[in-house]
Each structure stands twice: as C-alpha cells, then as structure tokens.
Amino acid sequence: MADLLIELLSEEIPARMQPKAAEDLRKLMTDGLVEAGLTYVHAMAFATPRRLTLAVEGLTEESRAVREERKGPRTDAPEAAIQGFLRATGLTLDRLEKRADKKAEVYFAVLEKPGRAAAAIVAEVLERVIRDFPWPKSMRWGSGSLRWVRPLQGVLCLLVREDGAEVVPFEIDGLVATNTTRGHRFHAPQGVSVTSFEDYEQKLTRAHVVLRSDERRDRIRHDAATLAFAQGLEIVEDEGLLTEVAGLVEWPVTLMGRIEEQFLGLPPEVLQTSMKEHQKFFSVRNPATGRIEGFVTVANIETADHGATILAGNAKVLRARLSDARFFWENDLRVATSGMEEWKERLKSVTFHNKLGSQWERIERIAALAREIAPHVGADPDLAAEAATVAKLDLRSSMVGEFPELQGLMGRYYADAAGLPAEVAAAAEEHYSPLGPNDAVPTAPVSVAVALADKIDTLTGFWAIDEKPTGSKDPFALRRAALGVIRLLLGNGLRLRLEDVIEDAYHTYAVEWAKSYRLRRHAPMFDEPGQPEVVTDFFRGDAEKGDIFQGVEFVVDWLRKNLSLLTDPASMASHDPIYGEFARTGDFTASVLEFFHDRLKVHLRDQGIRHDVIDACLAMPGNDDLVLLVRRAEALAAFLKTEDGENLLQGFKRAANLLAQAEAKDGVEYSFGADPKWSEYDEERALFAALDAAEARIRPAMAAEDFQGAMSALAALRAPIDAFFTVAQINTDNQVIRRNRLNLLSRIRRLCLEVADLTRVEG
Amino acid sequence: MAELPLSFQEIILRLQAYWGARGCAILQPYDMEVGAGTFHPATTLRALGSRPWAAAYVQPSRRPTDGRYGENPNRLQHYYQYQVLIKPSPPNLQELYLGSLEAIGIDTSLHDIRFVEDDWESPTLGAWGLGWEVWCDGMEVSQFTYFQQVGGHDCRPVSGELTYGLERLAMYVLGVAHVMDMPFNDPSSPIPLTYGDIFRQTEEEYSRHNFDAADTERLFRHFEDAEKECRRLLDNEDLDPRTGKRIVMAHPAYDQCIKASHLFNLLDARGVISVTERQAYIGRVRALAKLCADAFVRTEAGGHTESAAA
C-alpha cells in the first residue's frame, strides 16, 4: 500500500474554476487508476489560486494480473477467419490452444496481462488527465502545444510508503515530476521538498499557503466578523463573494476600512454593488442605522506595516469608484427630477430589435397594453400607463449603464426622486419580476399590469416576427416571459382572457406595420385621401387558405380615426418598411396561446398535475383564462385521486366506448330521447333519476365555476352507473330498449364532458 | 529597493531601461491614432507568424468616449499605455513583470499584488487571449495576456503581452490624487511641468470635439473610405510591377484598418451609432483586421518563406 500525492503548480487559476477543477482532478485520476486495475481507500483534492492537489490514501502497489480466455473459430474454419482471430488477439498460430467444443475442435486464445506497478499506471493516467482536463477555457503558452488553464509550471508526484517517498517518473512536454513545490509567491517563493501529504500541507502552511479552500473561507469569515464586531458593525453575508475571494488568495489577510462620509448618502445597493463588482469588497453594515458604512478587503500578504499601505491603496481606489458612482447618482437625479426627458429621447435611438422598433416604441406599446390590462387586475389605467412609460427609463441612466444589475431598482429610486406616485416607482423595480422560477411574484396591481404588459408585448412581438424558441435555443427568453405571465396570473388569482390581451398587443404592432406599409406601397396613390382600406390589403393574405390577418378590421377602424396619417406628408419619410416580415395568419392568437399552454403544462407538472389531466381541461371553453383552467385542473386531479373519481372515469369510458362502437356500427349519433319508461330494471330507473339530480347540480355549479361542486355531483353518479352496468345489457335484441339505453349512455357522456374532457384522461 | 521615482517621465524611463535590459527592442509609438497599445503593428501583426519577437514601447492611446474635459481625476480621452510583447512567452514572464513593478518603486513585500482572471478580447481585432488584470492594492495596474488568436489566426508560438496603464500606475506610485496634478518632469526642474500643464487644455478641446463638434457626416465618409482603401490595397497582386519583387502591402492596409477603428470610436462617442449598428461596425473593422492578418502572414516578417509557399 502507498499514498499518492500529486500537485499541479501553475500561474493563477481563475477563482471560479477552482472548486470544479479540484473535483475533476480527483474523479478523473481515481477513475483512471481504478480502471487500470488499482484500488484505493480514500482520495481528497484541493485547489488554491496556484495549485491543484490530489492526495490518495491506500493505493495498491500494483494492478492484478489479468487472465482472459477468448474462443475463436473452428480449427477447420477458412484461413481468413483464423487470420482475423490472430489479428484481434495479437497472437501467432502456435500460441493458440485447440480445444474440443461440442461437435468440433475450436481455437482458444489465452491472454495474460501481467500486473503493473503503481508508478507506471499513475504516470500514464496523469498524462491523460492533464492532456484532457475539462477546463472551461484553456490556453497554450510559449512554443508548446500543451493546454492548461494558465501556464503549468511544475508537477509534484510522489508515491509515499513507510520506507520513504518515491518520485514517480513522469514527464509532460518538458516538465519533469519532482518532490518539490513552491510556497507563497511573495512570502516563500523558494522551493520546498516534501515527503508525504502531511509534510506537504504543514510545509505549505509554513510557506504561507493555506491548502484547503474551506479553511481559507472560514478564516476570512471569522476575521471579517471579528474586525467588524470590534467596531460595533456587522458583515453583509455574501457566500458567493466569500467563495470567490477565498479563490483569490493563498494566505488570506483580512483588512477593514471605513467608507468616507461623503458617500454615505448613496443608496446602499449602489455601495454594495460597486464595492463587490469592482473591488470584491465585503460590505460592512451599521446595525443601528442599517447603513453600509465600511468595507472589508482580503489581501494575500502580511506586511511589515500590518496592511496599512494596502488598506490605504484600496481606500483610494474605492474613493475613485464611489466618486464615479456619486457622479452618476447626482447626474441621474438631475435628469429624474427634470422629467426624465433626456432618457426618453435617448431611448428613441436605441434599437430593441430591428424588426420591432426602438426601445421607446416598445415602451409606448407596453404602456398602451398596460392601460388595457389594468382594469382586469384592479389597477388604475392611467397609473398603469404612466408606470409603464417610466419603468424602463433607467436603462439610459448612467448608474444602470455602469451596473446593469441595478436596472429597475434605480428606476424606483429615480421615480421616487421625481415625486411620482409610489405605485409607479414600485412598478419600475417590480415589473421585471418574476425572472426565474423562484423569484417572487409582484402583487401590487400597477406593478402586475406593467409586468404582464411587458412580457406579453415581448412574446407577441417575437412571435409575430417568427423568432420562436426552438429546442434549447430561446435567445429572447420567451419561455421565461410566458412562465412569468403564468405565475403573475396564478399567483394573484387574476381572471383575464389571454386571447383578448394577445390581440390587443398584436393590434398595437399591426398599426405600426400598417403605417410602415402604407408609406412604402401606397404613398404615390394618395390622391384620394381617406381610404383606409387600401392600406390594409397587405394584411389580406390568401383568404382561401385562411391566411387572413386577424387585425384587419381593427387597423381599418384605427386608421379611420387617425386619417391624418393618410394625408400628412410629413409622415411619408418614415423608416424602412417591413412588408413581409410579419406573421399575419388568422391563427396567430391561437398559436401564442398554445405556447402559454405548453409552458403551463410544464409549470403544473412541476406541481404534480399530470399532463393528461391538463389536456382534459384545455379542451374546455375559456381555456385562455389560466386561473379558471388551473382551478378546473386541480379539481379534476383531486377528483381522479378519489376512489369515486377513478371508478366514475371507468364508467364514463365504458359508456363512451359502447356508444362510439354503436354509433360507428349504426351510422347514427345517439344523443337524445332516452326515456325512463323503457327501463327494464330498477337500477336503470335509478340511473335516470341520478342523472337528473346530477344535471340539476352540475349545471349551476359549472355556471358558478364551482368545479369541486360539479365533480362531487359527478361522483354521485358512480354507484348508479356501476349498478346499471351490472344488471343491464346494452346491446339487447330489443331495438327499442337498445336505442333507449344508448341514448341513456349519451347523457352520461354529455354530462361528464360538460365538466372536463374525460376522453383525454389516461387509465 | 531603488529610490522612488519623482515624475511621470521617470517611471516611463525606468520601464524603458528595465525592459531594454531584458532584451526587448525599445520601439517608439506608432504614428497614428489608436485606441490602445495593442493596435501598434509591433503587437497586432508581430504576434502573428513563427518568428521570435521582443519589443516594448509607449503608445499614446485615444478613447474618445472617456473624455471628461480634464475634470475627472483619472479619466482621459488621451492617455499613455506601456506595452511589452514577447514571443514566445518566456516561462518566467510573471517574475519579469513583478521585477518591472519593483523597478518603478513598488515594493512587493509591502503591497498586495494579485493576478485576477480577466480574459482579454478585442472584437475589432478579432483577437483574444487568456490572462489576468494585475491588481496592486485593489487597483488594476496592468493587463497580462497570453495571446491565443489575432485577426482570426491561431498564435503559434504564443506571445505574452503586458499592458500598463501608465497614468494610473504613476499616480499610485507618486501618490497623486488627480492626474492633472501629477509631476510630468522632476518637480525640482527649472521649469517643472505637471500633467495638467501639458494636457488639461487638450482634454477640454478634444472632449468638446469628440462629444459635440466632430462632423459625423465626414466621419462616416472617412470610415467608408478607409474600409475601401484597406480592401483595395490588399486586392493588389503580391508581385510589385515596378520592382518585380513580391511586396504584400500588409502594413499600409493595416494603417487603414487602424483609421477605421478610430473613426468608429469617434462616431461612437458622438452617440450616432445605435446598439445594433454598433455590432455591425465592429464586425466591419474586424473583417479588415482579419484581411490584414491574412496578408501579414504572407510576408517575410509574418514567417512566409518562398520554400514554404512553393
């Protein structure tokens, strides 16, 4: 048994890559060793900015010898077959054995692979691991062709036994393995030779290198907390930053400084973001005021002046950064309090998408749509439109230009500063949400209206120019937008006909396209002003193929009200027309809605509702009201989980199947005229009565959208249906009774289908 | 530890002496408007091909959007970069670099020097490399890059490139808070000059020019001209009819590429290029850089030999 120690020393490894690199080294090396026939007891891997280290305990000294027998062709087989076997086994004919096998004599090859020494295997596996290492990005250097994350400078490779350590003979592109490494770049740059992993870790510590990243993290966390506590302050926790910083130093030395008074008026998020993004500082908060008042930086060196020079330098850099931030903040406040006109103007020259106009045009569309949506979500239409107009203006603010991650939040600050209503300011921050599946859903009505309008405008627009997501590609994050709409509606229980909203959104685009189109095609024909119809012929596709632009009436109507567009020569010089770029088929709305339904299915599946249950509800009217749809699906899912529900489903299927068979055979539809007077059995009469009773309960329940009530009424049918099928035969010789029973079955089918399309439920 | 430098120019002179002593050819700035020292043909073109190379130089650089009328303590539309390019990159390049910091008075036992991941990419040059930004006490003082590709060509061997932002570095070493207050020559000279004495007025003039006055029509036109001229030069036959020699005009064409790049920067500063157009313009400059790189590797300096071509 031996222990293996490997260290790959290089120039600085990016912090973000270190954890995975250590794990990759462990896995690839141990997998390779095991595959080559060695076993081991335990393996650990470590990463610092300059080294990847692997320590394997209890490695076997050599791989087991392997004996393998392979059966070949018969001895009287054609020469070619025998030659092929010799090639495959790498043996000569005289080394094959002849053995009797059933009826014939057959060649056997006995292959023996002797065991190999651990050192040879380690060297072989290590070379492969280095050459194929899965760095996210790797590079060449100098004149060589080896790739590593940064230039590889040294390989330490030791097999350690009780009687001492052996350097594994290994060389890769001129780098020869040794038993030495180097310590901290400035504290201990000289070589250190080691004899075991324990010795290695101890000597590294003495050479100012903390090998274990969690130890570096703990040290930083502890020292930072102590420094802050001593001054009555606390660290703003940031695990991501902690991990990153621990990957930037081999010898963490934590230093704390104060933020100058002149910057304390900046929003805390700005201070935090600026310090974190630019300087990798932790923020230090005063628990009494809640303000960010200090910073903690982590140096990689102990100095004679106890870090005074380093801290002063860092403070100076911070001053420059925060001066910039304050400049942005003050500049932005000036624009904000003077009406934000400058930002509006500048958004006009920013393209959102070359087929979907500028950012400003987009904002105008969103505002129009938010106004339409507002009444459905309990928001004031004017406020919603105002909020939509303001919500994205911060995209042109200096602060967001510098820190894109502050978009929305700065919008809120600036809207507040401009004295806009609180709902408007809140919408600026909240309308981007929900961004991910775990992001909170806004609840304030104005925010909800803007958030919905924003997402639906994006979806509709990209759908119209046929930029739909395909497979794993979704460059405009349309799936996220659709899920956002779904979560906004469901989370707030908002009753909204999505088809109407999609149509509204589409009409806004339609008007823009109509304008562009007119200018291109019909500008010379405007001797007869006031003829809106000519403008829209482009939207009239091939009517026979159903290729009719669904917004045509809307556009004509709109142009009638805005005749000046047809007569005003100033509007002639517009931007390039976009004829032919847009979807204009009648099923546009349905296609967008289907996308919503697909996303809804994914969303509900995550919540444990089966896709066939959803399909059963999607087939019902009003399926563009997602809240209604989900309530129906939830009720149905719950119903189907009960025994009654499951049995009723079977009863329904039986009824439906019998009916379908009979209808196919007879060529008629049985749907009317069942009469209890033709009943032969009490159970049959009881079913008539039960259907009457259920119908009387289900219809009002459905009208009141009481799906649970309707389902429980259906549940009451289970026993009578079962009883009926037990006694009564449908296809009797008596044609009157048969017809009557089929018509009775059709009542079951109809009634069930009024609740949900149970034909789509599996099982 | 050497004595601390006293002026901006002393820092430059010490860098020149340091890299000169380590075998670099000390070149002079390129005589054109460029956005960064990388644009100097001694870097962009010489990073290509198989021939060894070692050069260091100061390059005045222009970033029109960074103009602040001379008021910002550390933002300038015209500034100096110090550039070192060594091909193939030597194994001790990090140590050599740290030595250069010592040479200009940065005591590495007192400061916190860090190599922080920063992959360099120049979309206009079609170039990228891996490396770091070097931090001194939290301040970025240099860019350190191993070139992997330039003008769409793989770099073999790989060049090591060092870029020092001279003003910022010098301000730190000299302990100056505002760039305009930095002593340019020795403050005890008979006529002491600060950075501001030399550049404050020009920063104002160029800021106004870049942001408001530059004639955008003309800039657009000149951009088109430079683009055309670059392509036209490269469309010429390799064989020069006058001398009968094979003369590929890689450098004259590359000058036009540099021009186009700077004109684009000016148009960008004037705010007349939209976000989507921006990508298109960058793509056009990159296409030129790529053509120039293609041409350079067909020259002698680019490693071309008659036997290899045959």
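**Exercise 1. Is Arg699(A) buried, partly exposed or exposed?**

Solution. The classes come first: buried means under 20% relative accessible area, exposed over 50%, and partly exposed in between (1.4 Å probe, protein chains only). Arg699(A) has a relative accessible area of 38%, so this residue is partly exposed.

The structure is a predicted model, in which local features need pLDDT of at least 70 and side-chain atom pairs count only at pLDDT 80 or more, while totals for chains, interfaces and linings use all residues. Residues are numbered from 1 along each chain as its sequence is written, chains are lettered from A and ligands numbered from 1 in the order in which they are written, and side-chain values use heavy atoms, with hydrogens and water left out.

**Exercise 2. Determine which residue Arg699(A) pairs with, and which parts the pair ties together.**

Solution. Step 1: a salt bridge is a side-chain nitrogen of Lys or Arg within 4 Å of a carboxyl oxygen of Asp or Glu. Arg699(A) meets Glu754(A) in such a bridge, at 2.7 Å from N to O.

Step 1: helices (H or I, at least four residues) and strands (E, at least two) are DSSP runs, numbered from the N terminus. Arg699(A) belongs to helix 25 of chain A and Glu754(A) to helix 28 of chain A, so the pair ties together parts 55 residues apart in sequence.

Step 2: Glu754(A) is partly exposed, at 26% relative accessible area.

**Exercise 3. Describe how helix 26 of chain A is covered.**

Step 1: contact means heavy atoms within 4.5 Å.

**Exercise 4. Trace the salt bridge between Glu69(A) and Arg99(A).**

Solution. Step 1: the two side chains meet at 3.1 Å, N to O. Step 2: Glu69(A) lies in strand 4 (residues 66–74) of chain A and Arg99(A) in strand 5 (residues 97–101) of chain A, so parts 30 residues apart in sequence are tied together.

Step 2: Glu69(A) is partly exposed at 39% relative accessible area, and Arg99(A) is partly exposed at 25%. Step 4: a network of salt bridges links Arg67(A), Glu69(A), Glu97(A), Arg99(A) and Glu112(A).

**Exercise 5. Characterise the interface of chain B and chain A.**

Solution. Step 1: buried area is the accessible area (1.4 Å probe) that two parts lose on being put together, summed over both. Between chain B and chain A this area is about 3500 Å², with carbon and sulfur atoms giving 51%. Leu110(B), Arg114(B) and Glu117(B) supply 16% of what chain B buries against chain A, more than any other three residues.

Step 1: chain B brings 41 residues to the contact and chain A brings 44 residues.

Step 2: the rule finds 5 salt bridges across the interface. Asp119(B) forms a salt bridge with Lys137(A), and their closest N and O atoms are 2.9 Å apart.

**Exercise 6. Find where Met399(A) lies and what surrounds this residue.**

Solution. Step 1: Met399(A) is located in helix 12 (residues 398–402) of chain A. Step 2: the relative accessible area of Met399(A) is 0%, so this residue is buried.

Step 1: not counting residues up to four places away in sequence, Met399(A) touches several residues, including Val270(A), Phe328(A), Trp329(A) and Tyr414(A).
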